[in-house]
Amino acid sequence: MKKRFVIAFISGSLLLTLGMTGTASASGESVGSCAIEEIEAFEEETGLSLHDLHGGGNEEALQTLSDSVEGCIEAPSPIIPEVNEIIWGGGAFLVLLALMLWKGFPAVQKIMNERSEKIASDLDEADKAKADAQAVKSQYEAELADAKSAAAAVLEEARQQAEVLRSDLQARAETEIAEMKSQAASDIEAAHDRAMGDLQSEVADIVVGAAERVVEANLDAEAQARLIDNYIDQVGSN
Amino acid sequence: MSKLNLLALDFPPVSHLFEWPDFAFHGTPLAMNKTVLIYLFAFALTLGLFLLSGSKKGLVPRGISHVAEGGINFVEDSIVMQTMGAEGKKYVPFLTTMFFFIFFSNIFEVIPFIQFPANARMAVPIAMALMVWVIYNFLGVKNQGFFGYIKNSLFPPGVPKALYIIVTPIEFFSVFIIRPLSLAIRLWANMVAGHLLLVTFAVLSATLWDSTYVGAVAPAAMLTLMTGFEILVSFLQAFIFTILTAVYMGGAIHPEH
């Protein structure tokens with residue numbers, strides 16, 4: 001509503017200016033037409049024509065006409081202001097100043113101030129957000145560093161445990177191997193002894209059989225046993 | 001017979017270029033003519049510009065707001081801060097109003113079908129110059145005291161005492177008499193000269209067009225060039241009037257400057 005009123009006011013003023021003032025200044029009355037108008041007015045007032053003046057004897061009328069025609073090329077002092085223009089122009093400025101101080105300027109200034117405040121506030125918020133983000137980042141970095149050190153500690157602990165476990169397992173394995181070795185040695189020894197016993201009796205039988213066939217002699221059992229044992233001992237020492 | 005007459009150059013009397021017939025309230029102090037309407041239009045334009053800009057919603061300036069806000073910033077940064085400093089910011093509304101009113105009164109010099117700078121009449125230049133005279137003298141007395149202001153104005157410090165015989169009368173005429181007159185005459189004379197130039201080239205173009213066609217090219221080109229130049233002059237004279245006002249006011253507030 002207010003906007004429409006302002007636009008209507010300006011448009012109305014422009015139309016009034018255009019409509020009531022005519023065309024551009026350069027199209028104004030010329031010196032020639034002014035002189036003609038003055039001459040016509042002179043002729044109308046005095047009833048004399050220019051031809052009447054040519055004859056002479058009417059110097060006073062000629063002077064009057066001359067003065068009025070000269071008025072066409074003589075401008076009044078343009079530096080002297082017109083009262084009506086001072087009143088309207090000066091008054092327009094004073095009223096404008098009052099209205100501008102009252103309404104016009106504060107309205108624009110308010111928008112400019114609001115914008116400045118908004119920008120300042122947005123910048124503050126951006127600074128705050130940046131500081132917050134920085135704090136969060138620092139916190140994350142600290143937490144990350146903690147996590148890294150915790151992970152390193154866990155790894156170290158695991159490594160140590162693994163080392164201990166490995167040492168235990170190695171020691172146990174070595175013990176078991178030693179036991180197995182010892183067991184195996186015992187088993188081997190027993191098997192050796194057993195094999196030697198078996199071999200000894202087998203060999204004795206073979207030898208007895210062979211001796212019987214060789215000497216075909218009938219020795220008593222005690223003598224045979226002694227002979228065999230001696231033979232076996234001899235074979236065993238070899 | 002003069003050369004101008006040979007060319008059939010029908011140049012209007014100078015008074016017809018600046019004096020306009022009354023169309024209302026004939027013969028009274030409130031008589032209205034073309035000049036008065038231009039003042040009223042400058043009034044409406046300035047006020048309308050600021051009211052429309054002030055009514056725009058949203059914080060991002062658009063369209064006409066740029067002109068109003070740009071004007072305020074221009075007056076504040078290029079005039080007030082340069083001449084009066086931060087203390088002068090409270091006078092920005094006054095100086096901005098003055099700048100726009102003078103500018104709009106001037107710019108009608110090149111607006112088609114109006115083509116008359118209202119400040120080519122002495123009324124507003126002298127009225128505003130007298131207003132400025134009252135304001136800066138008031139500020140001087142208010143800020144320095146009556147005797148302090150007179151002393152600082154008429155007896156500038158740092159001048160050998162013997163020279164005061166010459167300097168004091170000069171300063172008196174300069175500060176209290178010449179300033180408002182020079183302020184008014186500078187603006188008025190510039191606009192008168194600009195208007196005369198444009199009319200001269202326009203009449204010359206029209207006359208040569210009637211007689212030779214081709215001969216009108218040169219004055220028409222000059223007319224175009226001078227029209228652009230007068231736009232600059234309109235702005236420049238508004239700026240000069242406003243900045244000198246600020247200088248006088250600043251000098252009255254801070255005599256040491």
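H6(B) and H7(B) sit roughly perpendicular to each other (that is, at 65 to 115 degrees). This is a predicted model, where local features need pLDDT of at least 70, side-chain atom pairs count only at pLDDT 80 or more, and totals for chains, interfaces and linings use all residues. Residues are numbered from 1 along each chain as its sequence is written, while chains are lettered from A and ligands numbered from 1 in the order in which they are written.

Back to that pair of helices. Their axes, which are lines fitted to C-alpha atoms over the stretch in contact, come within 6 Å and cross at roughly 115 degrees. The residues that meet (C-beta atoms, placed from the backbone, within 7 Å) are these:

| Helix | Range | Residues in the contact |
|---|---|---|
| H6(B) | residues 123–144 | B:Gly140, B:Val141, B:Gln144 |
| H7(B) | residues 146–154 | B:Phe146, B:Gly148, B:Tyr149, B:Asn152, B:Ser153 |

By class, that contact has 3 nonpolar, 5 polar and no charged residues, with Gly counted as polar.

Zooming out, chain B has 9 helices (DSSP runs of H or I, at least four residues) and 0 strands (E, at least two). Of the 257 residues in chain B, 44% are buried, with 20 or more other C-beta atoms within 10 Å of their own.

What about H8(B)? Helix H8, residues 164–211 of chain B, bends by about 55 degrees at B:Ile178, the angle being taken between axes fitted to the seven residues ending there and the seven starting there. A proline, B:Pro180, follows within four residues. Just after H8(B), B:Tyr213 takes a positive phi of about 60 degrees.

Conventions:
A residue is buried if 20 or more other C-beta atoms lie within 10 Å of its own, exposed if 12 or fewer, and partly exposed in between; C-beta atoms are placed from the backbone. Axes are lines fitted to C-alpha atoms, for helices over the stretch in contact, and angles run from 0 to 180 degrees between N-to-C directions. Angles under 35 degrees count as roughly parallel, over 145 as roughly antiparallel, 65 to 115 as roughly perpendicular and the rest as oblique. Two residues are in contact if their C-beta atoms, placed from the backbone, lie within 7 Å.
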